Each structure stands twice: as structure tokens, then as C-alpha cells.
Amino acid sequence: MTAIRGYVAPTTESDALGVHSLDRFVLAVPDAHVAQEFYGNFGLDVRTEGNALAIKTFGHEHRWGSVVEGAKTKALHHLSFGCYAEDIARLKARIEGNGVKLIDPPPGFESNGIWFRNHENVLIEIKVGPKVSPDGKSASQWTSAPPGTAGAATRQNWPPVRPRRLSHVLTFTRDIDVSIQFYERNLGLRLSDRSADLVAFMHGIHGSDHHMLALVKSSAPGFHHCSWDVVSINDIGLGAMRMADKGWTKGWGLGRHVLGSNYFHYVRDPWGSFSEYSCDIDYIPKEECWPAADHKPEDSFYLWGPDVPPEFTINYEGGEG
Ligand SMILES: [Fe+2]
């Protein structure tokens, strides 16, 4: 078992147990080159490593995402969550105690982790790894040029936008309540906020963004979007503009969410799901008990922004497209 230093007790509850990070999302796609082009243009550091594309952020060694080739259509291959070495045995015992069957890792993903499927057959790994969820709220830049100077450079002189880290993923689920219960009971995630039986947001007990995993109701499980933290609203706009210049014109934004509070722009990816530029998402410290609430749908999706495009919630993995 890999020993990872840096254990931090969760919350003020000595017996609380849970993963500390969303370590990685893994997609299976028909053509990895398409994925490489899309995520590369998005501002990510995409390289071939082993049997997969590794999606990293520049200046950060962590592999936030992987893309494997071979699927007929895009599909969520699995989600991998990170925990402290001190917690893996207790997490394993709890998961087995809940009646969840542990299984072998899929070929090419052998690891020190534990593997299982959720109630909708979504493959999940929990492994010992570094805490890659932030330990505090990520600083954002809100700059204003002093009088007598120009605040904006010419377009050609702006450096490419480079997201700092993965913030969260949103997955489709048939049943929000059952999914919340699964991730609470087995991974120790906690509900941050929800809106009826339509959407829910879950955070980690060791301190994380308002959500490391979000859930949206659909007719089948699947992958809706990955979200990448950028330093400013300006970077959201620049990223969206760069993607449009490269031909990735569809999406949704600029806007601001209510639940999580982040500013956003979603770029539609080659498979009908999305990649989100996100800035200033709420943070839930490990010492805080976030007052999870059920919000009215008409008052909780976004504070401002353009109308939601009709294809935004189509689940192409569920055969809706
Ligand atoms: Fe998001």
C-alpha cells in the first residue's frame, strides 16, 4: 500500500470517515486524437501515458483525467476518489458491510485501490493518494488597471488560458435520492445543496469545493461535464473565445450559478457532454457544517446568464441524443 503523508483529521467528528478528493475521471471514447485536440485547446496538458491520454494542468503533476480509446460512443469509464492511507481499511470494511461487492480493477487500471460498482453500475475506485482537493478557497484575481494605464492587452498578446485544477464532475443518475445515499454511505461525501429531485451537489469532509461530485437526473447514468478552475472571469471569457476560434462554438455561458456560486462557461465537447471553465466556486472547510438545503428549481440553477440551450441536459450515453 502506498503511504501518503499528510493525514488531516476530518471535521471535528473523530469518527467521521470519507474520501478527501475526486482523484480522476476516466472517459472512453472512439478516437483519442479528438479528445487530445479538444482538451489541449481547452488549455490542459494532454499527453499519452501508457494505454491512455493523461489530462493534467500545466505546472501540476496530478493526472486529473484519463481518456481511453476503443468505445463505440463516449462513455464514463469510471470515477476514482482519493483517500488517506489511514482510512482505506475502514472504508473497505464499511463498503463491504453495506453489501457492496468489491471487484477486480479493469484491465490496464491495476492499482492499490478498491473497486466496486454503484447502484447504477457506474464503476468506482477508492485509492490511497494525495489530497488534490484544495485545502482552502482558491484565490481569484479581480484586477483593475490604475488610472493612466490600459487594463487589456491586445488579443494576440494574451497568453493561453490554463486551468489550475479539476474542480468537479457532474454525472447523470436515474435517482437523485438513491445516489446521494450511496455516496454518503460508501464514500462519506456530504450533501451541500440540492434542488428537488433534479440536481444535487456533494462535498468532501476533509475540506473541498462546494461540490467535487454533482448529480443530475436523467434516464440513465453518464458523464455530463468536468469543471476546471481558472483564476478569473477574464480567463473564462478568454478560454471560451479561444475555443470558439478553434471551432468549439457550442456551449453555455457566461453566467453565474446559484448553488456553488461559481462563474461559468461550458464548452460542448466532441461527444455532446461539456467541459466547464469555472471561477470562484464556494469552498466548504473541514471545520464547517454546511447548511445543506433544498432549493426551488426556478431559483437555483443560475443567477444570470444566457438562456440554457436545449441540448444542455441531453444524456448521449443514455440514448437520448
Ligand atoms: Fe459544474
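Colleague: Are the residues of strand β3 (residues 52-56) buried or exposed?

Modeller: One caution before that: this is a predicted model. Buried here means under 20% relative accessible area. In strand β3, five of the five residues are buried, so the strand is largely enclosed by the rest of the structure.

Colleague: Which way do strand β2 (residues 45-49) and β3 pair, and over how many bridges?

Modeller: β2 and β3 are antiparallel and share five bridges.

Colleague: What joins β3 to strand β4 (residues 63-69)?

Modeller: Four bridges, again with the strands antiparallel. I55 faces G65 of β4. This hairpin has six residues between its strands, and G59 in the turn takes a positive phi of about 85°.

Colleague: Now salt bridges. What is the general idea?

Modeller: Side chains of opposite charge can pair when their charged atoms come close. In this model there are 17 salt bridges.

Colleague: Which side chain meets K56 in a salt bridge?

Modeller: That of E49, at 3.1 Å from N to O. K56 counts as buried, at 6% relative accessibility, while E49 is partly exposed at 26%. Salt bridges with shared partners also connect E49, K56, E61 and R63 into one network.

Colleague: Where do E96 and K92 lie?

Modeller: Both are in helix α2 (residues 88-97), four residues apart, which is about one turn of the helix. E96 is partly exposed at 42% relative accessible area, and K92 is partly exposed at 34%.

Colleague: Which parts of the chain does the pair D245 and R155 tie together?

Modeller: The distance from N to O in that salt bridge is 3.3 Å. D245 belongs to helix α4 (residues 233-245) and R155 to the loop between β8 (123-128) and β9, so the pair ties together parts 90 residues apart in sequence. Both D245 and R155 are exposed.

Colleague: Next, the metal. Which residues are the protein donors of the iron ion?

Modeller: The donors here are NE2 of H168, NE2 of H225 and OE of E276, at 2.1 to 2.2 Å from the iron ion. Their spacing along the chain is H-x56-H-x50-E. H168 is in strand β9 (residues 165-173) and H225 in strand β14 (residues 222-229), so far as position goes a pair that links distant parts of the chain, 57 residues apart.

Colleague: Are H168 and H225 buried or exposed?

Modeller: H168 is buried, with 1% relative accessible area. H225 is buried as well, at 2%.

Colleague: How are pockets found?

Modeller: Rolling a probe the size of a water molecule over the atoms shows where empty space is left. In this structure the largest pocket has a volume of about 420 Å³. It is lined by 22 residues, and those closest to its centre are L170, V199, F201, V216 and F301.

Colleague: Which elements give two or more residues to that lining?

Modeller: They are β9, β11 (199-203), β13 (213-217) and β14. β13 gives the most, with three residues. By type, the lining has 11 nonpolar, nine polar and two charged residues.

Colleague: Last, the sheet. What is the order of the strands in the open sheet of 10 strands?

Modeller: The order is β19-β10-β11-β13-β9-β14-β17-β16-β15-β20, and the pairing is mixed. The edge strands, β19 (293-294) and β20 (302-304), each pair on one side only.

Colleague: How many bridges join strand β15 (residues 251-257) and β20?

Modeller: Two, with the strands antiparallel. There you can find H257 opposite Y302 of β20.

Note on methods:
Residues are numbered from 1 along each chain as its sequence is written. This is a predicted model: local features need pLDDT of at least 70, side-chain atom pairs count only at pLDDT 80 or more; totals for chains, interfaces and linings use all residues. Side-chain values use heavy atoms; hydrogens and water are left out. Buried means under 20% relative accessible area, exposed over 50%, partly exposed in between (1.4 Å probe, protein chains only). Two strands pair if DSSP finds at least two bridges between them. Donors are N, O and S atoms within 2.8 Å of the metal (3.2 Å for Na, K and Ca); water is not among the atoms, so sites may look incomplete. On a 1 Å grid over the protein atoms alone, a cavity is a set of points where a 1.4 Å probe fits but cannot get out, and a pocket is an open set with protein on both sides within 12 Å along at least five of seven lines; lining residues have an atom within 4 Å of a point. Grid points are joined across faces, edges and corners, and a volume is the space filled by probe spheres set on the points. Ala, Val, Leu, Ile, Met, Phe, Trp, Tyr, Cys and Pro count as nonpolar, Asp, Glu, Lys and Arg as charged, and the others, Gly among them, as polar. A salt bridge is a side-chain nitrogen of Lys or Arg within 4 Å of a carboxyl oxygen of Asp or Glu.
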